[in-house]
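Have the structure open as you read.

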Amino acid sequence: MHSTVIRAAAETRAAPKDAHVIDTIKQRRSVRTFEDEPLRPADLSFVQAQTVALGETTGPFGHRVRPDFRVVQGGRSSDGERIGTYGVIRNAQAFVGVVVENQPEAMVDLGYLFEGFILNLTARGLGTCWLGGTFNRKTLSGRVRVNEGEVLPIITPLGYPGSQAGLQDRFMRRVAGSDRRKPFTELFFATDFSSPLGPDGAGDWTEPLEMVRLGPSASNKQPWRVVLTSGAAPAGEGAPAPSAPGTPAPQQAHIYLSRTPGYVGNKLGFDMQRIDIGIAMLHLERAWAAKGRQGSWSFEEPGLTVPDEHTEFIATFTVDHDHNARAGEADQTQKGAR
Ligand SMILES: Cc1cc2nc3c(=O)[nH]c(=O)nc-3n(C[C@H](O)[C@H](O)[C@H](O)COP(=O)(O)O)c2cc1C
């Protein structure tokens with residue numbers, strides 16, 4: 001099934017060049033048990049500023065989210081509200097939720113934007129956990145402004161990571177298999193879906209793809225699939241693999257959602273697994289930015305044959321030419337000519 005969304009190629013996004021983002025992505029994990037310690041004033045201000053910035057940024061599809069930040073004490077916010085997490089979260093000191101238009105592309109943008117926020121908090125030493133299922137949406141939706149056509153799909157608890165994970169926390173990790181990721185060759189492909197890509201054949205893409213692989217996803221379903229192409233000509237049968245000698249290096253990553261059939265997370269009234277794709281998109285873009293390379297998002301269906309009816313194209317990332325490498329090459333040529 002192809003969803004054909006034709007749009008003009010987006011402008012190159014100026015992703016922040018954060019050299020530490022690779023470490024931050026590797027460090028981040030879902031924290032469900034926090035220290036019983038209020039956020040220090042400097043951290044509180046940091047989170048407040050990040051929350052404001054989150055509400056002012058647009059995702060690749062042009063949507064924004066409306067964040068809601070509440071500090072809690074003893075599990076209750078200042079207005080006495082209890083944020084129910086079915087015992088999954090312990091000692092949270094604050095919660096940040098996000099309201100968004102209930103629309104497929106907005107879900108991707110939510111994933112992208114909120115993961116940027118989560119990584120900034122992780123880099124500061126704060127613990128977070130994406131929650132899309134195990135929180136009492138009804139209670140919270142009564143307090144947070146959710147207009148018609150909008151939804152509050154996600155919240156995260158905040159606090160200092162607890163030194164010991166609680167029983168429920170360990171249970172959640174075990175059920176979701178949170179410490180395991182699918183192998184590279186199951187997720188990533190060269191040229192088309194029939195050529196699995198191993199980390200050794202991916203060249204400069206190895207690290208950005210590895211960052212996609214380490215991303216959080218609802219119930220750890222890991223529904224992202226990526227096909228690399230050179231972008232020079234339509235991918236066709238028999239086209240050489242990007243790693244083959246003498247072929248142009250791949251410039252484009254086509255991101256697909258491989259939906260988990262019957263997954264309960266997709267039955268909550270919004271498209272949970274599209275959020276996972278937004279997270280993967282942010283990781284890919286940031287990992288390239290860490291190498292000093294920007295890129296742009298476009299949404300024109302690339303026309304690749306998908307493996308089954310559950311696999312759907314979402315977006316293409318085109319990495320800009322490596323101006324430094326070009327300059328380096330030109331330098332070498334000039335030196336050689338002298
Ligand atoms: C969109 C989304 C929704 C999630 N919803 C929940 C949830 O409702 N409850 C929960 O305990 N964890 C939830 N998680 C956390 C995942 O279970 C977790 O990211 C995954 O198991 C991988 O573990 P890690 O985050 O520690 O790497 C969610 C994650 C994502 C991305």
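Start with the largest cavity, which holds about 40 Å³ of space. A cavity here is a set of points on a 1 Å grid over the protein atoms alone where a 1.4 Å probe fits but cannot get out. Grid points are joined across faces, edges and corners, and a volume is the space filled by probe spheres set on the points. A search of the whole structure turns up one cavity of 30 Å³ or more.

Before going on, a word on the ground rules: this is a predicted model, where local features need pLDDT of at least 70 and side-chain atom pairs count only at pLDDT 80 or more, while totals for chains, interfaces and linings use all residues. Residues are numbered from 1 along each chain as its sequence is written, and side-chain values use heavy atoms, with hydrogens and water left out.

**Around the cavity**

Which residues line the largest cavity? They are Asp-68, Arg-70, Ile-83, Phe-95, Val-96, Gly-97, Leu-140, Val-144, Leu-152 and Ile-155, where lining means having an atom within 4 Å of a point. The elements giving two or more residues to this lining are β2 (66-73), β4 (94-101) and β5 (150-158). β4 supplies the largest share, three residues. Helices (H or I, at least four residues) and strands (E, at least two) are DSSP runs, numbered from the N terminus. By type, the cavity lining splits into seven nonpolar, one polar and two charged residues. For that count, Ala, Val, Leu, Ile, Met, Phe, Trp, Tyr, Cys and Pro are nonpolar, Asp, Glu, Lys and Arg are charged, and the others, Gly among them, are polar.

**The largest pocket**

Now for the open space: the largest pocket holds about 810 Å³. A pocket is an open set of grid points with protein on both sides within 12 Å along at least five of seven lines. Its lining has 36 residues, and Arg-32, Ser-217, Ala-218, Ser-219 and Asn-220 lie nearest the centre. The elements that give two or more residues to this lining are α1 (21-27), α5 (167-176) and α8 (272-290). The pocket lining divides into 17 nonpolar, nine polar and 10 charged residues. It draws at least three residues from each of domain 1 (30-176) and domain 2 (178-328), with bounds that come from an automatic or database domain assignment.

**Rings and charges**

How many aromatic pairs does a search of the whole structure find? Nine. Rings of Phe, Tyr and Trp (its six-membered ring) pair if their centres lie within 6.5 Å; planes under 30 degrees apart count as stacked, over 60 as edge-to-face and the rest as tilted. Two of the pairs look like this:

| Pair | Centre distance | Plane angle | Type |
|---|---|---|---|
| Phe-114 and Phe-117 | 5.4 Å | 20° | stacked |
| Phe-189 and Phe-193 | 5.2 Å | 55° | tilted |

Phe-114 and Phe-117 both sit in helix α3 (residues 104-123), three residues apart, about one turn of the helix. Phe-114 is buried at 0% relative accessibility, and Phe-117 is buried at 2%. Buried means under 20% relative accessible area, exposed over 50%, and partly exposed in between (1.4 Å probe, protein chains only). In the other pair, Phe-189 is buried at 8% and Phe-193 is buried at 13%.

The charged end of Arg-124 sits over the ring of Phe-46, 4.5 Å from its centre. Lys-291 lies over the face of Trp-288, 5.5 Å from the ring centre. The rule is that NZ of Lys or CZ of Arg is within 6 Å of the ring centre and within 35 degrees of the ring normal.

**Loop residues to look up**

Most residues other than glycine have a negative phi. Asn-91 has a positive phi of about 65° although it is not a glycine. Asn-91 lies in the loop between β3 (76-77) and β4, and is partly exposed at 32% relative accessible area.

Asn-220, one of the residues nearest the pocket centre, has a positive phi of about 50°. Its place is the loop between α7 (206-213) and β7 (224-229). Is Asn-220 buried or exposed? Asn-220 is buried, with a relative accessible area of 11%.

Asn-266 lies in the loop between β8 (252-258) and α8 and is partly exposed at 21%.
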